[in-house]
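Subject: Structure for your attention

Dear colleague,

Please find the structure below, together with its sequence. I would be grateful if you read the notes that follow with the model open beside them.

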Amino acid sequence: HLSAAGHTVSADTRHTQVMDKALDAGAMIINDVGGLRDDGADALVARRSCPVVIMHMQGEPGSMQKNPRYDFVAADVYDWLEQRIAVTTAAGVPRSHIAVDIGFGFGKTPQHNMTLMAWLSLFHGLGVPLMLGVSRKSSISYFSKAENAKDRLPGSLALATLGYAQGVQLFRVHDVAETAQALALAAAMRRTDQ
């Protein structure tokens, strides 16, 4: 219904069969939190010639927050995404159809998430657009006052603008108008005449 009404729809799934059905139903983008690791996922995306977001997640959704460990989270995530891009392009997906997501909050402690935020500009070395999904994440309340998800807008905006300052091109958010306003101000700072 949404795609028929002219909206660009992104299907958020780790499962190849769901990707196929979503694309049949009009989705135009696949957003895979599993990084195209399901059997046949990379081949399907190549065959259907659709853009894809490859996200990093350590472990599986049910267990990913049980003691996640890294040698150095920024380098480990970078290396993993680099390897997934190589596999995906080898399957026939053009590099121009790929974006990556560091997976803020997916198999990472709050400290891991903040380290990734500090090193975001590193990920431009992958040569593909960078998506950031930090909206209302629990790490915001970890470093603040244990706010519920609906009360994490200020922290969401802070992280989005910090990401923008490091060149993030795509943002996955809940509060679209508020984030757009914050990013408009961040963009205006780049255009001021001194």
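In these notes, a helix axis is a line fitted to the C-alpha atoms of the helix over the stretch in contact, and the angle between two axes is taken between their N-to-C directions, from 0 to 180 degrees. Please bear in mind that this is a predicted model.

**Helices α3 and α4**

Two packed helices are described by the angle between their axes and the distance between the axes. Here, the axes of α3 and α4 come within 9 Å and cross at roughly 75°. That angle makes α3 roughly perpendicular to α4, because angles of 65 to 115 degrees count as such. On the α3 side, the contact is made by V73, A74 and V77, and on the α4 side by H112, T115 and L116. Sorted by class, this contact of α3 with α4 has four nonpolar residues, two polar ones and no charged ones.

**The buried face of α4**

Helix α4 covers residues 110–118, and P110, H112, N113, L116 and M117 are buried in it. Seen down the axis of α4, these buried residues fall within an arc of 160°, so they line one face of the helix. An α-helix has 3.6 residues a turn, so residues three or four places apart point the same way. What covers the buried residues of α4 includes α3 (73–90), β5 (130–132), α5 (138–142) and α6 (153–165).

A118 also belongs to α4, but A118 is exposed, with a relative accessible area of 55%. A118 and Q166 are 48 residues apart along the chain, and their C-alpha atoms are separated by 8.8 Å.

In soluble globular proteins, nonpolar side chains tend to be buried together. The largest nonpolar core in this model has 38 residues, of which V52, V77, L81, I102, F123 and L126 touch the most other members. The elements that give two or more residues to this core are α1 (16–24), α2 (41–48), β3 (52–55), α3, β4 (98–101), α4 and β5. The largest share, seven residues, comes from α3.

Which residues does I102 contact, leaving aside its neighbours within four places in sequence? They are H56, V77, K108, L116, L120, F123, L130, M131 and L132.

**Two residues with positive phi**

Most residues other than glycine have a negative phi, and most peptide bonds are trans. L36 is not a glycine, yet its phi is positive, at about 60°. L36 is found in the loop between β2 (29–32) and α2, and L36 is buried, with a relative accessible area of 2%. N67 likewise has a positive phi, near 65°, and is a residue other than glycine. N67 lies in the loop between β3 and α3. Is N67 buried or exposed? At 51% relative accessibility, N67 counts as exposed, because the cut-off for that term is over 50%.

**Helix α7**

Lastly, E178 is found in helix α7, which covers residues 176–191. E178 is partly exposed, with a relative accessible area of 36%. Not counting residues up to four places away in sequence, E178 touches L153 and L157. E178 and P154 are 24 residues apart in sequence, and 9.6 Å apart in space from C-alpha to C-alpha.

Yours sincerely,
A colleague

Key:
Residues are numbered from 1 along each chain as its sequence is written. This is a predicted model: local features need pLDDT of at least 70, side-chain atom pairs count only at pLDDT 80 or more; totals for chains, interfaces and linings use all residues. Side-chain values use heavy atoms; hydrogens and water are left out. Buried means under 20% relative accessible area, exposed over 50%, partly exposed in between (1.4 Å probe, protein chains only). Helices (H or I, at least four residues) and strands (E, at least two) are DSSP runs, numbered from the N terminus. The arc is that of the directions from the helix axis to the C-beta atoms. Contact means heavy atoms within 4.5 Å. Angles under 35 degrees count as roughly parallel, over 145 as roughly antiparallel, 65 to 115 as roughly perpendicular and the rest as oblique. Ala, Val, Leu, Ile, Met, Phe, Trp, Tyr, Cys and Pro count as nonpolar, Asp, Glu, Lys and Arg as charged, and the others, Gly among them, as polar. A nonpolar core is a set of buried Ala, Val, Leu, Ile, Met, Phe, Trp, Tyr and Cys residues joined through side-chain atoms within 4.5 Å.
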